[in-house]
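Here is a short report on one protein model. Keep the sequence and the 3D view open while you read.

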Amino acid sequence: MTPLTETRPPLSPFPPSVLAGSSEGLAEVLATLAEAVDTASTARRPDGPVPPGTPAEVLAAASRALGPAGLPAEGLGTKAALQLLTTVLTEHGIDLSHPRAAAHLQPPSLAVAVAADTLASAGNASLDTYDSGASALAVERWLIGTLIGLAGLGERADGVLTPGGSLSNLMGLLLARDATALRRGIDAREQGVGALPGPVVFCSELAHFSTHRACAALGLGEAAVHPVPVDEHRRMRPDALAAALDSLGPGRTPVAVVATAGTTDFGSVDPLPEIAEIAAGHGLWMHVDAAYGFGALFSQRLAGRLAGLDLADSVTLDLHKIGWQPAATGVLLVSDTTAFTSLDREVAYLNPVDDSEAGYDGLLGRSLQTTRRPDAVKAAATLLAYGRTGMARMVDACHGLARHAERRVLAEPRLELVAPAELTTVVFRYRAAGPALSDELNGALRRRLLESGTALIGRTEAATDGPGSPRRVCLKFTLLNPTATTDDIDGLVDTVLDAGRTCERLFEEGAA
């Protein structure tokens, strides 16, 4: 046998600093980020929150700055690559920190959350197994426990982080579907939903569209969704829900009722105690979509609007809405940890039984994901940094801005208030001189603001004359910048009025 020749392993061509998890790498990350900040400060930013120009012009300019698509044979180097992308994102992107950015439930991120998210990315932990991220598991469990306490769900409650409200709603309805099937002696995970006759999911007619998507994905079908009428305050009517349940025939299976705590457009909160009582009387799973409204619990002033949340079987919340987190920071909470049973999985290379029994377990059985990044780190850092008092001040500041915007809209003859400020949104319309052009003009007004880059506001449709009336094009302020002032809101309203007058003139001249 020829003896093996002992050779010295070749030196790595890469220094330790290329890996963010090393101490040298983390120092490199911080230094590179500091240079990116310098680049951002010298890059040209638009005067408003949006880069001026048509979508085609803005996207073309960004593409030109990046250069031809294709993997270069030789890289630019880390600093040059990051500087290039910083310039592209700064000059051609949306500035959510601008006080006239008020379109979507998409807040500017808190600095502490971004810093913590960078640390979490550097570690690259995963939440599926203990040996993929032990400390990250502890952080997520701390955050879930904190949110359970805020929601008042009790000792048996549990939860998991998700990519966002749509996936949380999907998981909540999945657990509801499986629990309903199990009560009928059906293992939906094994047998599918074919044996579940005529499934029905109830929700407000203003519920988020993800309820329909979830029913389609879960095999229930979008036809399973039964929209329940709302009252004049855009809240689900309990009497209509009770009547719909009572009218179900023997061939139908009520799976869940989805109550909304903070509708996307109006911030309206369904009457949770009354819905919970009806659901309990029919043995029906109650899921609360509080993706928007959950953050109101930070505020002593607004928390009472979510009374009855503690009666839910499952709750969706998004801290990347009222919570000021970088996306994605969604959460699903459940009132009883055994609800996650249908997600249990034993995989030999991840969580064999003997390892789990010895404590080497992760959170694989609480999620539809396997690899799952530690999004809890940024949220935990934020709550530790600000506490409930600090979070409440931000919530109350944004609610105060919305109330000011409501008063300003009411004071303007050319503006019509459609929905008041329940949380942080205000829905309104620009009153056109000719009512026949009103919808067209409101749409054109928003596009004009976008193209000019001066303001970013939302658009929706609403029944402006009460439930059942025709839906009209409306404009919307979504105010989630706690550093903005009432003067900023006045300037935003003035900008809308100027754009409205310009659009009216163009319509009259036939140039719009």
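Helices (H or I, at least four residues) and strands (E, at least two) are DSSP runs, numbered from the N terminus. The model is predicted, so to speak of local features a pLDDT of at least 70 is needed, side-chain atom pairs count only at pLDDT 80 or more, and totals for chains, interfaces and linings use all residues. Residues are numbered from 1 along each chain as its sequence is written, and side-chain values use heavy atoms, with hydrogens and water left out.

Start with helix H14 (residues 486–509). H14 lies across E1, E9, E10, strand E11 (456–463) and strand E12 (471–478). H14 runs at about 25° to E10. Axes here are lines fitted to C-alpha atoms, for helices over the stretch in contact, and angles run from 0 to 180 degrees between N-to-C directions.

These strands belong to an open sheet of 5 strands, ordered E1-E11-E12-E10-E9, with mixed pairing. Two strands pair if DSSP finds at least two bridges between them. E9 and strand E10 (residues 425–430) run antiparallel and are joined by 4 bridges. Glu 416 stands opposite Arg 429 in E10.

**The seven-strand sheet**

Another open sheet has 7 strands in the order E2-E8-E7-E6-E5-E3-E4, and its pairing is mixed. Strand E2 (158–162) and strand E4 (225–228) are the edge strands. Neighbouring strands of this sheet are turned by 20° against each other on average, direction ignored. Strand E5 (residues 253–260) pairs with strand E6 (residues 285–289) in the parallel sense, over 5 bridges. Val 258 stands opposite His 287 in E6.

Helix H5 (residues 134–151) lies across E2, E7 and E8, at about 115° to E2. H5 contains Glu 140. Is Glu 140 buried or exposed? Glu 140 counts as buried, at 1% relative accessibility. Buried means under 20% relative accessible area, exposed over 50%, and partly exposed in between (1.4 Å probe, protein chains only). Beyond its neighbours within four places in sequence, Glu 140 is in contact with Leu 127, Val 160, Leu 161, Leu 363, Arg 372 and Ala 376. Contact means heavy atoms within 4.5 Å.

**The annotated lysine**

An unreviewed UniProt entry annotates Lys 321 as "modified residue: N6-(pyridoxal phosphate)lysine". UniProt positions are given in the numbering used here, feature names are shortened, and annotations may be inferred rather than shown by experiment. Lys 321 sits in the loop between strand E7 (314–318) and strand E8 (330–334). Lys 321 is buried, with a relative accessible area of 15%. Leaving out residues up to four places away in sequence, Lys 321 touches Leu 105, Pro 107, Ala 291, Tyr 292 and Leu 480.

**Helix pairs**

Two packed helices are described by the angle between their axes and the distance between the axes.

| Helices | Axes come within | Crossing angle |
|---|---|---|
| H1 (residues 23–42) and H3 (residues 78–92) | 9 Å | roughly 40° |
| H6 (residues 165–183) and H8 (residues 210–217) | 9 Å | roughly 50° |

H6 is oblique to H8. H1 and H3 are oblique to each other too. Angles under 35 degrees count as roughly parallel, over 145 as roughly antiparallel, 65 to 115 as roughly perpendicular and the rest as oblique. H1 passes H3 in a right-handed crossing. The contact includes Glu 28 and Thr 32 of H1 and Leu 82 and Thr 86 of H3. The crossing of H6 and H8 is right-handed. A crossing is right-handed if the near helix is turned clockwise from the far one by less than a right angle, and left-handed if anticlockwise.
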